[in-house]
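The exercises that follow ask the reader to work from the atoms to a description, one step at a time. Please look over the sequence and the structure before turning to the solutions.

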Amino acid sequence: MELVGSVKNYEWGKLGGDSFVAKLAQANSDQLEVRSDLPYAELWMGDHVSGPAMLKTDGRGLDEVIRADPTATIGSSEGQLPFLLKVLSIRKALSVQVHPNKIEAEKLHRQFPDIYKDPNHKPELAIALTDFEALCGFRPYEEIERMLHETAELGQLVGTDVLTKFQAKDASAVPDAYGRLMHSTPDAITQCIEGIAERMRTASSESSELRDLFLRLYADFGCDVGVLSIYFLNYLRLKPGQAIFLEANVPHAYLDGDCVECMACSDNVVRAGLTPKFKDVDTLLRLVRYDCKPGGSMLFQSKLPDVLEQPYTRIFAPPVPDFAVIEIRVPAGTREYSDTVPANGSILLTISGKGTLLETGGSDIALSMGKIVFLPSGERKVAQLKVTDTSESFLAFLAMRNDLK
(Lines give C-alpha, C1' and ligand atoms only; values in the text may rest on other atoms or scores of the structure.)
Protein backbone atom coordinates (compact mmCIF):
# COMPACT_ATOMS: atom_id res chain seq x y z
CA MET A 1 0.00 0.00 0.00
CA GLU A 2 1.55 3.29 -1.07
CA LEU A 3 1.23 6.06 1.51
CA VAL A 4 1.26 9.85 1.71
CA GLY A 5 2.96 11.03 4.91
CA SER A 6 1.66 13.71 7.29
CA VAL A 7 3.69 16.96 7.20
CA LYS A 8 4.20 18.97 10.40
CA ASN A 9 5.00 22.69 10.10
CA TYR A 10 6.57 23.25 13.51
CA GLU A 11 8.35 26.57 13.98
CA TRP A 12 11.82 25.01 14.34
CA GLY A 13 11.72 23.32 10.93
CA LYS A 14 13.76 24.31 7.90
CA LEU A 15 12.03 26.74 5.56
CA GLY A 16 10.56 25.91 2.17
CA GLY A 17 12.83 24.24 -0.33
CA ASP A 18 15.72 24.18 2.17
CA SER A 19 13.83 21.49 4.10
CA PHE A 20 14.54 17.88 3.24
CA VAL A 21 11.12 17.08 4.70
CA ALA A 22 9.55 19.40 2.10
CA LYS A 23 11.54 17.77 -0.72
CA LEU A 24 10.52 14.27 0.39
CA ALA A 25 6.88 15.26 0.88
CA GLN A 26 6.72 16.95 -2.53
CA ALA A 27 8.25 13.90 -4.20
CA ASN A 28 5.76 11.77 -2.27
CA SER A 29 2.72 13.86 -3.28
CA ASP A 30 2.62 16.17 -6.30
CA GLN A 31 -0.32 17.97 -4.68
CA LEU A 32 1.92 19.59 -2.05
CA GLU A 33 2.79 23.20 -2.83
CA VAL A 34 5.91 24.18 -0.89
CA ARG A 35 5.93 27.75 0.45
CA SER A 36 9.30 29.45 0.93
CA ASP A 37 8.21 31.16 4.17
CA LEU A 38 6.76 28.05 5.83
CA PRO A 39 8.78 25.64 8.03
CA TYR A 40 8.60 21.96 7.09
CA ALA A 41 9.78 20.22 10.25
CA GLU A 42 8.57 16.61 10.30
CA LEU A 43 7.17 13.97 7.99
CA TRP A 44 5.14 11.38 9.93
CA MET A 45 4.69 7.87 8.53
CA GLY A 46 2.45 5.76 10.74
CA ASP A 47 -1.01 5.60 12.26
CA HIS A 48 -0.64 7.95 15.26
CA VAL A 49 -3.86 9.83 15.90
CA SER A 50 -2.09 13.21 15.63
CA GLY A 51 -1.00 12.61 12.03
CA PRO A 52 -1.86 9.30 10.34
CA ALA A 53 -0.47 8.62 6.88
CA MET A 54 -3.03 8.34 4.10
CA LEU A 55 -3.43 5.65 1.42
CA LYS A 56 -2.53 7.02 -2.00
CA THR A 57 -5.28 5.05 -3.70
CA ASP A 58 -8.36 6.25 -1.82
CA GLY A 59 -7.27 8.76 0.83
CA ARG A 60 -8.17 6.57 3.81
CA GLY A 61 -6.06 6.96 6.93
CA LEU A 62 -3.65 4.15 7.72
CA ASP A 63 -5.17 4.08 11.21
CA GLU A 64 -8.58 3.35 9.71
CA VAL A 65 -7.19 0.58 7.49
CA ILE A 66 -5.41 -1.12 10.39
CA ARG A 67 -8.42 -0.89 12.74
CA ALA A 68 -10.62 -2.52 10.08
CA ASP A 69 -8.46 -5.69 10.05
CA PRO A 70 -5.52 -5.53 12.48
CA THR A 71 -4.59 -9.20 12.13
CA ALA A 72 -4.21 -9.01 8.36
CA THR A 73 -2.42 -5.66 8.35
CA ILE A 74 -0.07 -5.79 11.35
CA GLY A 75 -0.32 -9.39 12.52
CA SER A 76 -1.86 -8.66 15.92
CA SER A 77 -5.19 -7.70 17.46
CA GLU A 78 -3.86 -4.52 19.07
CA GLY A 79 -5.25 -2.31 16.31
CA GLN A 80 -2.26 0.07 16.12
CA LEU A 81 1.31 0.02 14.88
CA PRO A 82 3.74 -0.12 17.83
CA PHE A 83 6.06 2.41 16.14
CA LEU A 84 6.06 5.78 14.38
CA LEU A 85 8.53 6.58 11.58
CA LYS A 86 9.54 10.21 10.91
CA VAL A 87 11.97 12.40 9.01
CA LEU A 88 13.05 15.65 10.72
CA SER A 89 14.57 18.80 9.16
CA ILE A 90 15.85 21.04 11.96
CA ARG A 91 16.68 24.75 11.51
CA LYS A 92 16.74 25.72 15.19
CA ALA A 93 16.89 23.69 18.39
CA LEU A 94 14.05 21.53 19.65
CA SER A 95 13.26 21.67 23.35
CA VAL A 96 15.39 20.19 26.14
CA GLN A 97 13.25 17.19 27.01
CA VAL A 98 12.85 13.66 28.29
CA HIS A 99 10.35 10.95 27.43
CA PRO A 100 8.60 9.09 30.26
CA ASN A 101 8.64 5.32 30.66
CA LYS A 102 5.43 3.33 30.23
CA ILE A 103 4.29 3.58 33.86
CA GLU A 104 4.94 7.32 34.05
CA ALA A 105 3.32 7.89 30.63
CA GLU A 106 0.12 6.21 31.82
CA LYS A 107 0.14 8.30 34.99
CA LEU A 108 0.80 11.60 33.18
CA HIS A 109 -1.86 10.88 30.56
CA ARG A 110 -4.39 10.11 33.26
CA GLN A 111 -3.58 13.29 35.23
CA PHE A 112 -2.92 15.74 32.37
CA PRO A 113 -4.53 14.39 29.15
CA ASP A 114 -4.40 17.81 27.47
CA ILE A 115 -0.59 17.87 27.75
CA TYR A 116 0.31 14.16 27.59
CA LYS A 117 -2.05 12.91 24.91
CA ASP A 118 -1.43 9.16 25.01
CA PRO A 119 -0.46 6.59 27.68
CA ASN A 120 2.56 5.17 25.86
CA HIS A 121 6.29 5.46 26.43
CA LYS A 122 8.48 6.98 23.71
CA PRO A 123 11.95 5.47 23.35
CA GLU A 124 13.36 6.78 20.07
CA LEU A 125 16.16 6.24 17.58
CA ALA A 126 17.60 9.02 15.39
CA ILE A 127 19.78 8.18 12.36
CA ALA A 128 21.58 11.17 10.83
CA LEU A 129 20.94 11.86 7.14
CA THR A 130 23.19 14.95 7.11
CA ASP A 131 25.65 16.39 9.62
CA PHE A 132 23.54 16.43 12.76
CA GLU A 133 23.90 18.15 16.14
CA ALA A 134 22.28 17.18 19.43
CA LEU A 135 22.54 17.51 23.19
CA CYS A 136 22.27 14.06 24.70
CA GLY A 137 22.74 12.73 28.24
CA PHE A 138 24.68 14.36 31.08
CA ARG A 139 28.37 15.05 30.61
CA PRO A 140 30.86 13.16 32.80
CA TYR A 141 30.96 14.39 36.42
CA GLU A 142 34.42 15.96 36.11
CA GLU A 143 33.45 17.76 32.92
CA ILE A 144 30.43 19.41 34.54
CA GLU A 145 32.56 20.42 37.53
CA ARG A 146 35.10 22.03 35.19
CA MET A 147 32.34 23.88 33.31
CA LEU A 148 30.97 25.33 36.54
CA HIS A 149 34.39 26.56 37.62
CA GLU A 150 35.33 27.98 34.22
CA THR A 151 31.96 29.75 33.82
CA ALA A 152 31.86 32.03 36.85
CA GLU A 153 28.32 33.25 36.17
CA LEU A 154 26.97 29.70 36.15
CA GLY A 155 28.97 28.71 39.25
CA GLN A 156 27.51 31.69 41.07
CA LEU A 157 24.00 30.70 39.97
CA VAL A 158 24.20 27.14 41.35
CA GLY A 159 25.87 28.34 44.56
CA THR A 160 29.04 27.70 46.54
CA ASP A 161 27.40 24.90 48.53
CA VAL A 162 26.88 22.92 45.33
CA LEU A 163 30.42 23.65 44.13
CA THR A 164 31.68 22.32 47.47
CA LYS A 165 29.79 19.08 46.82
CA PHE A 166 31.64 18.69 43.52
CA GLN A 167 34.98 19.13 45.29
CA ALA A 168 33.95 16.47 47.80
CA LYS A 169 32.94 14.11 44.96
CA ASP A 170 29.42 13.97 46.39
CA ALA A 171 27.10 11.90 44.16
CA SER A 172 24.30 14.41 44.68
CA ALA A 173 26.32 17.28 43.18
CA VAL A 174 25.05 16.98 39.58
CA PRO A 175 21.34 16.54 40.49
CA ASP A 176 21.62 19.43 42.96
CA ALA A 177 23.35 21.68 40.42
CA TYR A 178 20.87 20.95 37.62
CA GLY A 179 17.91 21.25 39.99
CA ARG A 180 19.24 24.60 41.26
CA LEU A 181 19.60 25.77 37.67
CA MET A 182 16.12 24.72 36.58
CA HIS A 183 14.46 26.22 39.66
CA SER A 184 16.29 29.56 39.47
CA THR A 185 14.16 32.68 39.08
CA PRO A 186 13.79 34.23 35.61
CA ASP A 187 15.76 37.27 36.80
CA ALA A 188 18.64 35.09 38.00
CA ILE A 189 18.68 33.15 34.72
CA THR A 190 18.66 36.39 32.72
CA GLN A 191 21.53 37.82 34.74
CA CYS A 192 23.57 34.64 34.29
CA ILE A 193 22.99 34.31 30.53
CA GLU A 194 23.46 38.02 29.81
CA GLY A 195 26.68 37.95 31.84
CA ILE A 196 28.08 35.03 29.85
CA ALA A 197 26.99 36.59 26.55
CA GLU A 198 28.60 39.95 27.37
CA ARG A 199 31.86 38.28 28.41
CA MET A 200 31.91 36.25 25.19
CA ARG A 201 31.24 39.33 23.06
CA THR A 202 33.97 41.42 24.68
CA ALA A 203 36.59 38.68 25.13
CA SER A 204 38.83 37.24 22.43
CA SER A 205 36.97 36.62 19.19
CA GLU A 206 38.59 33.19 18.90
CA SER A 207 35.91 30.67 18.03
CA SER A 208 35.25 27.56 20.09
CA GLU A 209 32.65 24.84 19.83
CA LEU A 210 30.92 25.74 23.11
CA ARG A 211 31.12 29.52 22.54
CA ASP A 212 29.58 29.23 19.07
CA LEU A 213 26.82 26.97 20.35
CA PHE A 214 26.00 29.28 23.25
CA LEU A 215 25.79 32.38 21.06
CA ARG A 216 23.65 30.56 18.50
CA LEU A 217 21.13 29.37 21.09
CA TYR A 218 21.19 32.78 22.78
CA ALA A 219 20.36 34.45 19.46
CA ASP A 220 17.43 32.06 18.91
CA PHE A 221 16.05 31.77 22.46
CA GLY A 222 17.38 34.75 24.44
CA CYS A 223 17.47 34.12 28.19
CA ASP A 224 15.73 30.74 28.13
CA VAL A 225 17.09 28.46 30.87
CA GLY A 226 17.67 25.74 28.27
CA VAL A 227 20.60 27.73 26.86
CA LEU A 228 22.56 26.84 30.00
CA SER A 229 21.92 23.11 29.51
CA ILE A 230 24.88 23.03 27.11
CA TYR A 231 27.15 23.13 30.18
CA PHE A 232 25.51 19.99 31.60
CA LEU A 233 24.63 17.86 28.55
CA ASN A 234 26.93 16.21 26.00
CA TYR A 235 27.21 18.06 22.70
CA LEU A 236 27.24 15.52 19.84
CA ARG A 237 28.04 16.09 16.17
CA LEU A 238 26.89 13.07 14.16
CA LYS A 239 27.96 12.22 10.63
CA PRO A 240 25.46 10.74 8.14
CA GLY A 241 24.69 7.16 9.13
CA GLN A 242 25.53 7.61 12.82
CA ALA A 243 22.70 7.15 15.31
CA ILE A 244 21.65 7.79 18.90
CA PHE A 245 19.08 5.85 20.90
CA LEU A 246 17.19 7.69 23.61
CA GLU A 247 15.82 5.53 26.38
CA ALA A 248 13.23 6.77 28.84
CA ASN A 249 14.28 9.80 30.90
CA VAL A 250 17.50 10.54 28.98
CA PRO A 251 17.70 14.35 28.58
CA HIS A 252 18.25 15.53 25.02
CA ALA A 253 17.64 18.26 22.47
CA TYR A 254 18.14 18.06 18.70
CA LEU A 255 19.90 21.21 17.47
CA ASP A 256 20.44 21.11 13.72
CA GLY A 257 20.36 18.82 10.69
CA ASP A 258 18.22 16.11 9.10
CA CYS A 259 17.50 12.66 10.46
CA VAL A 260 15.31 9.61 10.18
CA GLU A 261 13.64 8.99 13.50
CA CYS A 262 11.74 5.96 14.74
CA MET A 263 10.03 5.67 18.11
CA ALA A 264 7.30 3.90 20.00
CA CYS A 265 3.93 5.19 18.81
CA SER A 266 3.65 8.15 21.16
CA ASP A 267 3.95 11.93 21.25
CA ASN A 268 4.71 12.28 24.97
CA VAL A 269 7.37 14.93 25.66
CA VAL A 270 8.33 16.43 29.04
CA ARG A 271 9.91 19.81 28.20
CA ALA A 272 12.04 22.10 30.34
CA GLY A 273 13.86 24.55 28.07
CA LEU A 274 14.52 25.97 24.57
CA THR A 275 10.81 26.18 23.86
CA PRO A 276 7.86 28.58 24.09
CA LYS A 277 5.68 25.56 24.91
CA PHE A 278 4.66 24.44 28.40
CA LYS A 279 7.69 23.58 30.56
CA ASP A 280 7.04 20.83 33.08
CA VAL A 281 10.23 21.39 35.07
CA ASP A 282 9.25 19.48 38.21
CA THR A 283 8.25 16.39 36.22
CA LEU A 284 11.46 16.48 34.20
CA LEU A 285 13.61 16.78 37.32
CA ARG A 286 11.71 13.91 38.94
CA LEU A 287 12.23 11.63 35.93
CA VAL A 288 15.60 12.62 34.44
CA ARG A 289 18.54 10.18 34.52
CA TYR A 290 21.91 11.46 35.78
CA ASP A 291 24.13 8.82 34.20
CA CYS A 292 27.02 11.26 33.46
CA LYS A 293 28.62 9.36 30.55
CA PRO A 294 30.99 10.53 27.78
CA GLY A 295 29.24 11.74 24.65
CA GLY A 296 30.68 8.94 22.53
CA SER A 297 28.89 6.35 24.65
CA MET A 298 25.55 7.78 23.49
CA LEU A 299 26.13 6.60 19.90
CA PHE A 300 24.04 3.54 19.01
CA GLN A 301 25.72 0.83 16.97
CA SER A 302 24.00 -1.02 14.15
CA LYS A 303 24.40 -4.69 13.31
CA LEU A 304 25.26 -6.32 9.99
CA PRO A 305 22.88 -9.23 9.29
CA ASP A 306 25.26 -11.08 6.94
CA VAL A 307 28.24 -9.20 5.51
CA LEU A 308 28.66 -11.65 2.61
CA GLU A 309 25.00 -11.90 1.61
CA GLN A 310 23.86 -8.38 2.53
CA PRO A 311 26.91 -6.08 2.63
CA TYR A 312 24.85 -2.89 2.23
CA THR A 313 22.23 -3.65 4.88
CA ARG A 314 22.41 -2.59 8.54
CA ILE A 315 19.98 -3.24 11.37
CA PHE A 316 19.30 -0.84 14.22
CA ALA A 317 17.60 -2.95 16.88
CA PRO A 318 17.21 -1.05 20.19
CA PRO A 319 16.47 -3.02 23.39
CA VAL A 320 12.72 -2.41 23.12
CA PRO A 321 10.04 -4.53 21.41
CA ASP A 322 8.30 -1.56 19.77
CA PHE A 323 10.55 -1.00 16.78
CA ALA A 324 13.68 -1.74 14.80
CA VAL A 325 14.98 -0.03 11.67
CA ILE A 326 16.68 -1.66 8.69
CA GLU A 327 18.89 0.63 6.60
CA ILE A 328 19.66 -0.31 2.98
CA ARG A 329 22.47 1.90 1.63
CA VAL A 330 23.75 0.77 -1.79
CA PRO A 331 26.62 2.78 -3.32
CA ALA A 332 26.48 4.09 -6.89
CA GLY A 333 28.09 1.75 -9.38
CA THR A 334 26.79 -1.42 -7.75
CA ARG A 335 25.48 -3.53 -10.63
CA GLU A 336 22.71 -5.24 -8.67
CA TYR A 337 21.66 -5.71 -5.06
CA SER A 338 18.71 -7.63 -3.63
CA ASP A 339 17.48 -7.77 -0.08
CA THR A 340 14.67 -9.65 1.62
CA VAL A 341 12.76 -7.43 3.98
CA PRO A 342 10.20 -8.62 6.56
CA ALA A 343 6.62 -7.49 6.14
CA ASN A 344 5.14 -7.69 9.63
CA GLY A 345 3.20 -4.47 9.34
CA SER A 346 6.26 -2.43 8.37
CA ILE A 347 6.86 0.85 6.53
CA LEU A 348 9.49 1.38 3.82
CA LEU A 349 10.76 4.88 3.01
CA THR A 350 13.02 5.57 0.03
CA ILE A 351 15.40 8.49 0.57
CA SER A 352 17.35 8.42 -2.70
CA GLY A 353 18.00 6.30 -5.77
CA LYS A 354 15.75 3.90 -7.64
CA GLY A 355 14.69 0.32 -7.06
CA THR A 356 11.78 -2.09 -7.22
CA LEU A 357 9.76 -3.75 -4.51
CA LEU A 358 8.84 -7.21 -5.78
CA GLU A 359 5.55 -8.52 -4.45
CA THR A 360 4.80 -12.23 -4.46
CA GLY A 361 1.54 -12.67 -6.30
CA GLY A 362 1.05 -8.91 -6.67
CA SER A 363 2.18 -5.96 -8.74
CA ASP A 364 5.72 -4.62 -8.37
CA ILE A 365 6.20 -1.12 -6.93
CA ALA A 366 8.77 1.27 -8.37
CA LEU A 367 10.82 2.97 -5.64
CA SER A 368 12.32 6.44 -5.85
CA MET A 369 12.91 9.43 -3.56
CA GLY A 370 9.93 10.05 -1.27
CA LYS A 371 8.13 6.77 -1.95
CA ILE A 372 6.47 5.40 1.21
CA VAL A 373 5.10 1.86 1.22
CA PHE A 374 3.21 0.01 3.95
CA LEU A 375 3.90 -3.74 3.96
CA PRO A 376 1.06 -5.59 5.68
CA SER A 377 1.49 -8.94 7.40
CA GLY A 378 -1.03 -11.45 6.12
CA GLU A 379 0.29 -14.60 4.50
CA ARG A 380 3.21 -12.87 2.77
CA LYS A 381 5.95 -12.65 5.39
CA VAL A 382 8.69 -11.12 3.22
CA ALA A 383 9.11 -8.85 0.23
CA GLN A 384 12.04 -8.63 -2.17
CA LEU A 385 13.70 -5.28 -2.81
CA LYS A 386 15.87 -5.01 -5.90
CA VAL A 387 18.22 -2.16 -6.84
CA THR A 388 19.48 -2.14 -10.44
CA ASP A 389 20.13 1.55 -11.28
CA THR A 390 23.89 2.07 -10.94
CA SER A 391 23.92 5.81 -11.74
CA GLU A 392 23.24 6.95 -8.16
CA SER A 393 23.34 5.58 -4.64
CA PHE A 394 20.19 4.03 -3.17
CA LEU A 395 19.11 4.68 0.42
CA ALA A 396 15.98 3.38 2.12
CA PHE A 397 14.80 2.67 5.65
CA LEU A 398 12.35 0.03 6.82
CA ALA A 399 10.64 0.52 10.18
CA MET A 400 9.12 -2.55 11.81
CA ARG A 401 8.17 -4.16 15.08
CA ASN A 402 11.30 -5.49 16.77
CA ASP A 403 10.98 -9.23 16.17
CA LEU A 404 14.69 -9.55 15.45
CA LYS A 405 16.68 -12.01 17.56
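## Charges over rings

**Exercise 1.** Identify the ring over whose face Lys92 lies, and then find the ring that has Lys8 over its face.

Solution. Lys92 lies over the face of Phe221, at 4.8 Å from the ring centre. A charge is taken to sit over a ring if NZ of Lys or CZ of Arg is within 6 Å of the ring centre and within 35 degrees of the ring normal. The model is a predicted one, in which local features need pLDDT of at least 70 and side-chain atom pairs count only at pLDDT 80 or more, whereas totals for chains, interfaces and linings use all residues. Residues are numbered from 1 along each chain as its sequence is written, and side-chain values use heavy atoms, with hydrogens and water left out.

## Aromatic pairs

**Exercise 2.** Classify the pair Tyr10 and Trp12 by its geometry, and do likewise for Phe214 and Tyr231.

Solution. A pair of aromatic rings is described by the distance of the centres and the angle of the planes. Rings of Phe, Tyr and Trp (its six-membered ring) pair if their centres lie within 6.5 Å, and planes under 30 degrees apart count as stacked, over 60 as edge-to-face and the rest as tilted. A search of the whole structure finds 10 aromatic pairs. In one of them, Tyr10 and Trp12 have ring centres 5.9 Å apart and planes at 40°, so the pair is tilted. As for exposure, residues are buried under 20% relative accessible area, exposed over 50% and partly exposed in between (1.4 Å probe, protein chains only). Tyr10 is therefore partly exposed, at 26% relative accessibility, whereas Trp12, at 12%, counts as buried.

The rings of Phe214 and Tyr231 have centres 6.4 Å apart and planes at 50°, so this pair is tilted. Because Phe214 lies in helix H10 (residues 209–221) and Tyr231 in the loop between H10 and strand E11 (233–238), the pair ties together parts that are 17 residues apart in sequence. Helices (H or I, at least four residues) and strands (E, at least two) are DSSP runs, numbered from the N terminus. Both Phe214 and Tyr231 are buried.

## Nonpolar cores

**Exercise 3.** Which residues have the most contacts inside the largest nonpolar core, and with which residues is Phe214 in contact beyond its neighbours within four places in sequence?

Solution. A nonpolar core is a set of buried Ala, Val, Leu, Ile, Met, Phe, Trp, Tyr and Cys residues joined through side-chain atoms within 4.5 Å. The largest has 52 residues, and those with the most contacts inside it are Leu181, Phe214, Leu228, Tyr231 and Phe232. With contact meaning heavy atoms within 4.5 Å, and leaving aside neighbours within four places in sequence, Phe214 is in contact with Ile193, Ile196, Ala197, Met200, Val227, Leu228, Ile230 and Tyr231. A second, separate core of 39 residues includes Ala53, Leu55, Leu85 and Phe323.

Leu181 is one of the buried residues of helix H8, a helix (residues 173–182) that is mostly covered, with seven of its 10 residues buried. Phe232 forms one aromatic cluster with Phe138, Tyr178 and Tyr290.

## Buried residues and their surroundings

**Exercise 4.** Is Asp224 buried or exposed, and what does Val325 touch?

Solution. Asp224 is found in the loop between H10 and E11, and with a relative accessible area of 8% Asp224 is buried.

Val325 has its place in strand E16 (residues 324–330) and counts as buried at 1% relative accessibility. Apart from residues up to four places away in sequence, Val325 touches Leu125, Ile127, Cys262, Arg314, Ile315, Phe316, Phe397 and Leu398.

## Backbone angles

**Exercise 5.** Describe the phi of Lys169 and where this residue lies.

Solution. Lys169 has a positive phi of about 60° although it is not a glycine. Its place is in the loop between helix H7 (160–167) and H8, and at 51% relative accessibility Lys169 counts as exposed.
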